[in-house]
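Keep it brief and state the cut-offs.

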Amino acid sequence: MDESFSDDKRHEDCFDMTKQTAYQKMLQTFDDLENIWVRLGLPEDDRLQRTSTAIGHATELLDKIVAEEKRLLGLVLESKEKNWKELQQLQVELQMFLIDPGENLSLIYAEEKYRHTVCQLKKEKSSRLSMAEDLVSQLTLLYSQLGESDEVPSFDHVPGTSELETFKHFVNSKRRLLESRTSSYLNLADEARSLATLMNYNGNNSFERFAIECKGVPPVISAEVIGRMKNLVGELKVKFDEYVANIDKMCEGRRGELSSLYEKCKLDPAMQQSFSTSVENLRLSEKLEALDSEVERLRNYYGKRHNVLEKFEEWEQHWSVKLELEEQCKDSSRFANRGGVLLHEEKMRRTIERKLNDARHDVQAALEAWHASNPDDAILVYGKPPLDAIEAIESSHAREVELELSHKKLVRKAQLQSKAAFGSVKCQSTPKVHSNLKTPSNQKNVAHSGNLKHSSAARRLARCAYVSPAHSPVKPDCMATMVCNNKNKGAVFPLRGEIHNEPGPSFDKAKSPSTSGCSS
């Protein structure tokens with residue numbers, strides 16, 4: 001306070017000095033005018049008159065200055081009062097108290113401060129109202145897009161900052177809800193569009209058609225719209241599963257028909273594999289179309305060439321029978337009934353050979369007829385001309401048979417070499433079972449069996465010739481003996497290849513029961 005008082009005192013002294021200087025200047029001015037007039041030789045009356053005129057001019061100028069300052073004072077007072085009233089109203093309305101009523105301010109500074117503060121508060125008010133209006137318009141648009149009919153709040157007052165902030169958060173929450181629904185709708189629409197495209201489904205109503213055909217979003221994305229989209233996707237998934245099952249079933253049928261047609265057309269297996277690979281990654285509808293097209297193509301192919309292909313099929317059937325007969329010939333059990341099975345096999349073999357030859361001639365005749373009518377279109381069977389294919393099949397089979405025989409010979413040779421080097425294991429043979437059935441020739445000679453007893457034994461003895469140890473292919477202890485089944489059951493005859501210590505055949509009744517086994 002002492003400093004303020006000293007400042008006021010200093011300002012007052014300066015003002016007094018300024019007035020004193022102005023007064024001295026005024027006196028010096030009149031003295032200068034007086035000297036000028038004296039030098040001009042003006043009479044005293046004229047000098048007095050001129051002095052009065054100068055004083056009048058100076059007085060008039062000062063009066064004008066005073067009047068202007070009075071007018072300025074009135075304006076400042078009026079502006080201060082006006083701004084102060086408006087300032088109080090805005091501060092209450094905006095709840096922003098920027099001026100302290102008890103603050104000691106000069107008139108001109110108070111007026112200026114009030115005026116600037118009022119402008120600031122008016123801008124704040126305008127900003128708040130504009131923000132509130134913008135938020136209301138945004139909320140109105142969001143409600144319409146969300147399909148909600150809630151009442152939009154209106155502001156009949158200037159909203160406060162906290163009120164605006166709360167309202168702004170509410171609008172942002174609605175915006176996030178709209179963005180979430182939009183994203184959900186687009187994802188569901190993409191899934192529905194993908195399923196519908198795979199099934200060639202175009203929709204049953206305007207809602208489904210819009211969701212499938214349009215890539216945008218509808219003007220209103222309400223919770224009901226999202227629910228309908230979810231139901232649509234669920235229905236499409238069920239339809240798609242049924243569609244896939246149906247298509248798979250149809251494709252499986254086409255594949256079976258294709259397999260049959262490939263077999264009937266006798267095409268190269270590489271072509272079938274190539275086609276299967278080409279349709280593997282296609283869509284279901286495209287895969288079915290490709291299979292249908294291939295089936296139609298093979299049908300037309302077989303329809304034009306069925307004469308040649310049917311003849312070749314007949315040859316293949318006869319060839320399969322031939323292979324079955326050859327496979328049966330490998331079974332040793334067929335020798336159990338040599339009188340019937342072997343004869344039937346021989347008849348079948350001759351019949352099949354004849355049928356194969358006839359089928360081959362039929363293929364050649366059908367092929368010549370085809371070439372006569374279609375000289376530029378060759379028929380291929382498994383990638384080769386039909387006759388070449390037949391020759392290739394026969395040659396391949398012949399090579400396989402030859403390899404099998406060679407393998408058996410090598411195995412037999414290895415077994416013989418093993419026996420010669422290490423010997424064989426003694427095995428006890430099972431007693432031979434004689435059938436009671438007798439052929440007609442045996443029945444005829446049953447009366448003469450007694451007379452031929454000695455001659456039969458002599459023949460068996462002749463067959464059992466003596467083999468010296470030097471020429472025997474096996475060891476002496478591995479030779480076989482045979483019990484002759486005649487009335488003299490005590491006679492034991494050595495088989496061919498049997499080696500004894502004596503140079504001739506040996507007959508030992510005492511050892512006959514134990515020598516019925518066979519070592520090989």
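## Basis

This is a predicted model, in which local features need pLDDT of at least 70 and side-chain atom pairs count only at pLDDT 80 or more, while totals for chains, interfaces and linings use all residues. Residues are numbered from 1 along each chain as its sequence is written, and side-chain values use heavy atoms, with hydrogens and water left out.

## Overall fold

The protein has 12 helices and 2 strands. In sequence order the pattern is α-α-α-α-α-α-α-α-α-α-α-α-β-β. Helices (H or I, at least four residues) and strands (E, at least two) are DSSP runs, numbered from the N terminus.

The protein has 520 residues, and 25% of them count as buried. Buried means under 20% relative accessible area, exposed over 50%, and partly exposed in between (1.4 Å probe, protein chains only). The accessible surface is about 36,000 Å², with 55% belonging to carbon and sulfur atoms. Accessible areas come from the Shrake-Rupley method with a 1.4 Å probe; for residues, only the protein chains shown count as cover. A contact means heavy atoms within 4.5 Å. Of the contacts between residues at least 6 apart in sequence, 70% join residues at least 24 apart.

Most residues other than glycine have a negative phi. Q95 has a positive phi of about 55 degrees, although it is not a glycine. Q95 sits in the loop between helix 2 (44-94) and helix 3 (107-146). Its relative accessibility is 57%, so Q95 counts as exposed.

Y382 also is not a glycine, and has a positive phi of about 55 degrees. Y382 belongs to the loop between helix 9 (341-373) and helix 10 (386-422). Y382 is partly exposed, at 33% relative accessible area.

## Buried positions

L87 lies in helix 2. With 0% relative accessibility, L87 counts as buried. Beyond its neighbours within four places in sequence, L87 is in contact with I99, Y114, T117, V118 and L121. L87 and Q120 are 33 residues apart in sequence, and their C-alpha atoms are 9.9 Å apart.

Which buried charges lack a salt bridge? K287 in helix 8 is one: it is buried without a salt bridge, and E280, the nearest side chain of opposite charge, is 5.0 Å away. Lys and Arg count as positive and Asp and Glu as negative; His and the chain ends are not counted. Residues up to four places away aside, K287 touches C251, R255, V279, E280 and L282. R181, in helix 4 (residues 161-199), is buried and has no salt bridge either; its nearest side chain of opposite charge is E148, 4.2 Å away. Contacts of R181 beyond four places in sequence are L146, E148, I221, S222, A223 and I226.

## Salt bridges

A salt bridge is a side-chain nitrogen of Lys or Arg within 4 Å of a carboxyl oxygen of Asp or Glu. The whole structure holds 24 salt bridges. E60 pairs with K64, with closest N and O atoms 4.0 Å apart. The two residues are 4 apart in helix 2, so about one helical turn separates E60 and K64. E60 is partly exposed at 43%, and K64 is exposed at 54%.

K322 and E353 form a salt bridge, with closest N and O atoms 3.3 Å apart. This pair links distant parts of the chain: K322 is in helix 8, E353 in helix 9, 31 residues apart. K322 is buried at 17% relative accessible area, whereas E353 is partly exposed at 34%. R349 forms a salt bridge with E346, where the closest N and O atoms are 2.4 Å apart. Both lie in helix 9, 3 residues apart, about one turn of the helix. Salt bridges that share partners also join K266, E313 and E316 into one network.

## Surface patches

Patches are made of residues with over 30% relative accessible area and no salt bridge: like charges are joined within 9 Å, nonpolar side chains (Val, Leu, Ile, Met, Phe, Trp, Tyr) within 5 Å. The place of a charge is NZ of Lys, CZ of Arg, CG of Asp or CD of Glu. E310, E314, D358 and D362 make up a surface patch of negative charge. Helix 8 (284-329) and helix 9 each give two or more residues to the negative patch. D362, in helix 9, is partly exposed at 32%.

L61, L62 and I65 form a nonpolar surface patch, with about 290 Å² of accessible area together. I65 lies in helix 2 and counts as partly exposed, at 42% relative accessibility.
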